[in-house]
Amino acid sequence: MFVTRHLSAEAHRRVSRLLKPFACLAACLTASLVLSLPASAALTFTATQIASGDTYSGSMVSGDFNNDGILDLVTFNAYTISFYKGLGGGQYAAPADSPFGGGLQSFAADFNLDGKLDLAVADGYNGVSIYLGNGDGTFRQGTTIMNSAATTDSLAVADFNGDHVPDIAMNTCPHSSGCQVQVYLGKGDGTFTMSASGFIGGGGLVVGDFNADGHQDLAVLQNGYIDGFNGVAVCLGDGTGHFQSAIKSAVVGGAEAVAVGDFYGDRIQSLAVVIEQYDSNTGGERVYVQTVKYSGGQLVATPLQLAFSMPSFSTLYLAAGDLNGNFKDDIVISGYYNFPPGTPWNGYMLGTGKGTFGAFQALPVYGNLERYPFVRDLNLDSRHDIGMDWSTTNNVGGGALVFLNTNGTTACTPPPANAIGVHICAPRNGQTVATPFTFKAAGNAFNGITKRMELWIDGKKAGQNWEDQLKARVSLTPGTHTATFIAIDSFDNIAKSSVTFTVQ
């Protein structure tokens, strides 16, 4: 049963606490939240919290698990996997459960290439567990990638060897030589074989193309277990599932989380890092952000930028994406914290496109374990939304939490999510336009996400953007031209759509 109301943030928190004993009813709360932000950065969100009915949740992913074109949600809980069917418009049905549970960071992908989304989850001492999708929001046990005498606390999913099949990189601790990353190549049947191991390891693990050579690279936070180094390390991929030696950038201790985005506005992926340090003046903690980019064979970092202070130590999580629609990547921070629920905690910082961010803007909190945020257009309105799981430390509830973006700048509505595809908004086929002209298109993907959009005009590349939106203003000579828009998903599968137009 769902309860939908428009509440203030404080009222929402009070109602949420009252409903915790009834988590098994899977009550859904919706509140319209208008944050007090500067006019130049004002964003509003509608928040939806859905209880799984389980005692806690460990992570959440989005994807079209029943192949109807609408994005759904899945949470990994203590004893169940909950499927929240997307109803359209950012609304979800009450959760339906599969009898599997546990786990931390998770990803959705079609690991056995049967056209149905599957799940991979970092499963602690059990390594990485694969759950195969049945195409209706239910799952069955697949293979498990085991690690002897080690725990797996984070993973990343990408195509590391160029065969368009999802591969897995996993971070394991401890080993006799310290923490390490292991890479397993997918066979296309839901099983995997190791291709690389032992070169870096420690903390958060992400994937991106940091040197713009078309191959997926790895970045991981190292925590000093290997050669005493504390910072972020990047290993460049060669496109075969193997990686070069680590390139390292030190941080002043306390690196907590890392995310990938285009933070410098150069259409090349870079890193954002969240750093937590003890504040001797208050006895609490200060949280900083820093961006790191690959340049000239080394990693170059910006100075630390203070995000906020808090009263005690916390575990932090980070995601990146364009929230306000200005094609500059922003960051979202959430966390696991011990101070009282209701403390402003979830939030975001808008990117400047210069490797820095605006002031931290708070979002409401619903438990005190809100983890693994992600940024995606969940209701297909061309605005990027925020999703994450929520739980409480006393294990009385958990589930899905979504912040729907209601006033970010719109660009182009994407196509349905049950296939990789492109929707062209401008120009129309046969249209006559002036020059310069602003080209607009959006992509969507079934297998993973649309990680990049490209614009080609008359066979020459004219624009690119990481994520699922593209907006490019191009000057052209008079005459007839052909514009081709390309969407590339997480595993380098592509979809193309073209229009012919005339420049007057």
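This is a predicted model: local features need pLDDT of at least 70, side-chain atom pairs count only at pLDDT 80 or more; totals for chains, interfaces and linings use all residues.
Residues are numbered from 1 along each chain as its sequence is written, and side-chain values use heavy atoms, with hydrogens and water left out.

The following table gives totals for the chain.

| Property | Value |
|---|---|
| Buried residues | 61% of the 504 residues |
| Contacts between residues 24 or more positions apart | 52% of the contacts with a separation of 6 or more |
| Accessible surface | about 18,100 Å² |
| Carbon and sulfur share of the accessible surface | 52% |

Here buried means under 20% relative accessible area, exposed over 50%, and partly exposed in between (1.4 Å probe, protein chains only). Contact means heavy atoms within 4.5 Å. Accessible areas come from the Shrake-Rupley method with a 1.4 Å probe; for residues, only the protein chains shown count as cover.

**A four-stranded sheet.** Four strands form an open sheet in the order E9-E10-E11-E12, with antiparallel pairing; two strands pair if DSSP finds at least two bridges between them. Strand E9 (106-109) and strand E12 (139-145) are at the edges and have a single partner strand each, so one side of each lacks a neighbour in the sheet. Within the sheet, strand E10 (residues 118-122) and strand E11 (residues 128-133) run antiparallel and are joined by four bridges. Ala120 has Ile130 in E11 as its bridge partner.

**Nonpolar cores.** A nonpolar core is a set of buried Ala, Val, Leu, Ile, Met, Phe, Trp, Tyr and Cys residues joined through side-chain atoms within 4.5 Å. The largest has 22 residues, of which Val289, Phe308, Leu318, Ile331, Ile333 and Met349 touch the most other members. At least two residues of this core come from each of strands E21 (255-261), E22 (270-278), E23 (285-295), E25 (305-310), E26 (314-321) and E27 (330-337). Not counting residues up to four places away in sequence, Val289 touches residues including Val273, Pro303, Ala307 and Phe357. A second, separate core of 21 residues includes Ala441, Val474, Ala495 and Val503.

**Ser195.** This residue lies in strand E16 (residues 192-197). Ser195 is buried, with a relative accessible area of 16%. Not counting residues up to four places away in sequence, Ser195 touches Val183, Leu185, Gly241 and His242. A polar atom of the Ser195 side chain lies 2.8 Å from the backbone oxygen of Gly241.

Conventions. A polar contact is a pair of N or O atoms within 3.5 Å; within protein, one must be able to donate a hydrogen and the other to accept it, and residues adjacent in sequence count only if both atoms are side-chain atoms.
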